[in-house]
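Student: I'd like to go through this model with you, starting with the overall fold and then zooming in. Can you put it up?

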Amino acid sequence: MKTFTHLMQEVQEKGLCHQCGGCVAFCSAVNYGALELGEDGKPRYRDRDKCIECGICYSICPEIEELDAETRNLVSWSAPMGRILGTAVARATEPEVRAGATDGGVVTALLLHLFDRGRIDSAIVSKTVAPFQRQPWLALSREDIIAAAGFHFDTLPSLKHFSQVYTTYSPSIEELKGVARMPLKRVAFVGTPCQINTLRRMEVLGVVPSDTIKINLGLFCAGNFQFGPEERERLERIANFKWAEVCKINIKEELRIHLRNKEIRRIPLDQLSFMKRHACQFCDDYAAEFADLSFGGLGAAEGWTTVIVRSSIGQTLLANALRGDIELLSFRETPLLFQGTMAKVLEWSEKKKESATKHLLELKRQAS
Ligand SMILES: Cc1cc2nc3c(=O)[nH]c(=O)nc-3n(C[C@H](O)[C@H](O)[C@H](O)COP(=O)(O)OP(=O)(O)OC[C@H]3O[C@@H](n4cnc5c(N)ncnc54)[C@H](O)[C@@H]3O)c2cc1C
Ligand code: SF4
Ligand code: SF4
Ligand code: SF4
């Protein structure tokens, strides 16, 4: 039976671990307690003697191919970028939700829709805890869900408290520990494609705490970027701004830095490889192909969210939320714009797959 020791050799030591936290979340949720996430965000042994060699941490790691076929079957995956039942460009109808959102606030509006009707009792999201610092969060109320919206900084009042390293990644699966400790039964999960891939693997094996996740909301992801002090300085020079002027950032086909004076600085993502996390260069999922619904700003106008519907659960949620909580951009007058949106998502998805294949081949060549 392969265990975490093999995971370290086959994934971590090769630089392939993208810190989804799935291995630790499972081991902790069932109280084996052999693993923990280190301060560097990487999983490690907390107490090797507690390992009962169940092998589940190894099987659920998305970098291990063992469950690839079953996971694809589970979500009826098909080429070129996962199952697609429908697509839309939408935004929240509530101005309060839109005001704090990253793009159109659709993710937050859908979570509120589910919460208000008792369909979920909590949501695993990620909230800003300090300038340049985001943390996974188990939202237990309407207010919690609204507070976690967006992707923005509040840099002005406390510049000196900037944490040293900010990363766009938030190890949300860690919050499953909280779910396992509380009597929560209906949880919505918001996360990156890699995190949702791990959750689906847990679902394939039927292991806790994946049974509590009722819906997976996936975010498009071109990569995870580190905003350490050096990277921040370099970005200021590239785009001619000061972090104290920034109120929000979002990622579309470029990094958009929104300033308080309403100007937007744009930096193409291919200029950001100096701050991209190493493991992300091997990742081939841009459009959250294993989610129930996938969301991104790519292809949508400022203030709107591109949505891909991937399952009947996602389809029902979107249809119900359209009765008042979200609104669709009408493409009747501009059908070409709609085609352009999906063509862009496909283009970015293909680009990411090509790049991942190239980097994996390089890695194999170096190892041989
Ligand atoms: C690391 C990262 C990379 C991304 N890359 C791209 C990209 O390349 N192209 C693109 O089009 N879109 C990308 N997105 C998605 C985009 O930024 C928006 O999240 C998406 O369009 C939904 O917008 P919204 O206004 O509907 O969501 P909102 O209503 O603002 O809700 C966003 C939800 O996401 C949660 N969240 C925020 N940050 C994280 C995080 N780091 N981890 C887990 N959950 C989080 C929030 O807690 C909130 O619940 C990325 C998002 C993240 C987090
Ligand atoms: S107990 Fe199981 S999940 Fe935990 S480290 Fe050992 S093999 Fe992995
Ligand atoms: S399950 Fe996630 S955190 Fe654990 S080794 Fe694999 S990629 Fe890394
Ligand atoms: S690119 Fe995004 S989805 Fe892929 S490993 Fe990095 S953070 Fe995860």
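Student: Among contacts in the protein chain between residues at least 6 apart in sequence, what share join residues at least 24 apart?

Tutor: Ground rules: this is a predicted model, where local features need pLDDT of at least 70, side-chain atom pairs count only at pLDDT 80 or more, and totals for chains, interfaces and linings use all residues. Residues are numbered from 1 along each chain as its sequence is written, chains are lettered from A and ligands numbered from 1 in the order in which they are written, and side-chain values use heavy atoms, with hydrogens and water left out. Contact means heavy atoms within 4.5 Å. For contacts between residues at least 6 apart, the share joining residues at least 24 apart is 68%.

Student: Why does Cys283 count as buried?

Tutor: Buried means under 20% relative accessible area (1.4 Å probe, protein chains only). Cys283 counts as buried because its relative accessible area is 18%.

Student: Which residues is Cys283 in contact with, leaving aside its neighbours within four places in sequence?

Tutor: Cys283 is found in the loop between strand 12 (264-268) and strand 13 (293-296); strands are DSSP runs (E, at least two residues), numbered from the N terminus. Leaving aside those sequence neighbours, its contacts are Lys352 and Ala356.

Student: And which residues surround ligand 3?

Tutor: A residue is near a molecule if one of its heavy atoms lies within 4 Å of it. The shell holds six nonpolar, three polar and no charged residues. Ligand 3 is surrounded by Leu7, Cys17, His18, Gln19, Cys20, Gly21, Cys23, Pro43 and Cys61.

How values were computed:
Ala, Val, Leu, Ile, Met, Phe, Trp, Tyr, Cys and Pro count as nonpolar, Asp, Glu, Lys and Arg as charged, and the others, Gly among them, as polar. Helices (H or I, at least four residues) and strands (E, at least two) are DSSP runs, numbered from the N terminus. Buried means under 20% relative accessible area, exposed over 50%, partly exposed in between (1.4 Å probe, protein chains only).
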